[in-house]
Amino acid sequence: MRLTSPLWYLAAVAIALGGSITGTAIAAGAWDGVRSATISPATAPVDAAGRTLAIFTDQPQEGREITCTTRPADQPEAAGDEVKAAALDIVVEQRGTDWHLLALRPEGKDGVTVSCLPSDGQVDTALYGFAVVDGFESADRGATIGTLALGAAFVLAGLVFWHRRRAHQAEE
């Protein structure tokens with residue numbers, strides 16, 4: 001098959017767009033578990049091994065940095081592991097309270113407690129809670145699909161360019 005038609009460039013664009021759309025849809029579906037999560041008070045120990053730990057607050061505080069950490073429940077003096085801030089602001093309504101996603105750890109651990117503190121050291125009246133979520137690993141699959149499709153589109157476009165150039169050189 002000769003890739004000399006300029007329409008092959010359109011096929012490369014279609015592959016990139018199709019892969020991007022498919023990957024985005026799969027990655028967005030990973031957040032469904034977070035949106036439908038049952039939130040527990042942050043004072044309870046967490047068992048989240050092999051699942052995702054999502055941390056919520058009832059009062060989003062714009063312009064104020066809140067750092068959430070996890071530490072072993074049986075070692076309250078241990079240094080905490082910081083939980084990465086969430087990329088999206090997802091709101092979960094539960095029993096009349098709007099809970100806002102604050103932080104997310106894709107790989108949770110068993111037997112830990114969650115604590116969240118403002119970096120400015122001021123009084124914090126917000127409540128914090130957590131949810132253990134299944135199925136979040138599909139977010140990585142969506143990103144992989146999008147990346148592979150983009151790579152395939154670039155390879156196809158490069159091959160088309162190379163074949164067209166060789167065909168034009170052969171004509172001269």
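In this predicted model, an open sheet of 5 strands is arranged in the order β1-β9-β3-β7-β6, with antiparallel pairing. Its edge strands are β1 (40-41) and β6 (91-94), each of which pairs on one side only.

**The sheet at β1**
- Strand β1 is joined by 2 bridges to β9 (residues 128-133), and these two strands run antiparallel.
- Within this pairing, S40 has F130 of β9 as its bridge partner.

**Nonpolar cores**
- The largest nonpolar core has 15 residues, and those with the most contacts inside it are V46, L53, I55, C68, V114, C116 and Y128.
- At least two residues of this core come from each of β3 (52-57), β4, β8 (110-118) and β9, while β8 supplies the largest share, namely 3 residues.
- When its neighbours within four places in sequence are left aside, C116 is in contact with I55, I66, T67, C68, L102 and Y128.
- A second, separate core comprises 13 residues, including W31, A37, L101 and L104.

**The largest pocket**
- The largest pocket holds about 360 Å³ of space, and of the 19 residues that line this pocket, R64, I66, A85, L101 and L102 lie nearest its centre.
- Strands β4 (66-72), β5 (81-83) and β7 (97-105) each contribute at least two residues to the lining of the largest pocket, and β7 gives the most, with 4 residues.
- By residue type, the lining of the largest pocket consists of 10 nonpolar, 4 polar and 5 charged residues.

Terms used
Residues are numbered from 1 along each chain as its sequence is written. This is a predicted model: local features need pLDDT of at least 70, side-chain atom pairs count only at pLDDT 80 or more; totals for chains, interfaces and linings use all residues. Side-chain values use heavy atoms; hydrogens and water are left out. On a 1 Å grid over the protein atoms alone, a cavity is a set of points where a 1.4 Å probe fits but cannot get out, and a pocket is an open set with protein on both sides within 12 Å along at least five of seven lines; lining residues have an atom within 4 Å of a point. Grid points are joined across faces, edges and corners, and a volume is the space filled by probe spheres set on the points. Ala, Val, Leu, Ile, Met, Phe, Trp, Tyr, Cys and Pro count as nonpolar, Asp, Glu, Lys and Arg as charged, and the others, Gly among them, as polar. Two strands pair if DSSP finds at least two bridges between them. A nonpolar core is a set of buried Ala, Val, Leu, Ile, Met, Phe, Trp, Tyr and Cys residues joined through side-chain atoms within 4.5 Å. Buried means under 20% relative accessible area, exposed over 50%, partly exposed in between (1.4 Å probe, protein chains only). Contact means heavy atoms within 4.5 Å.
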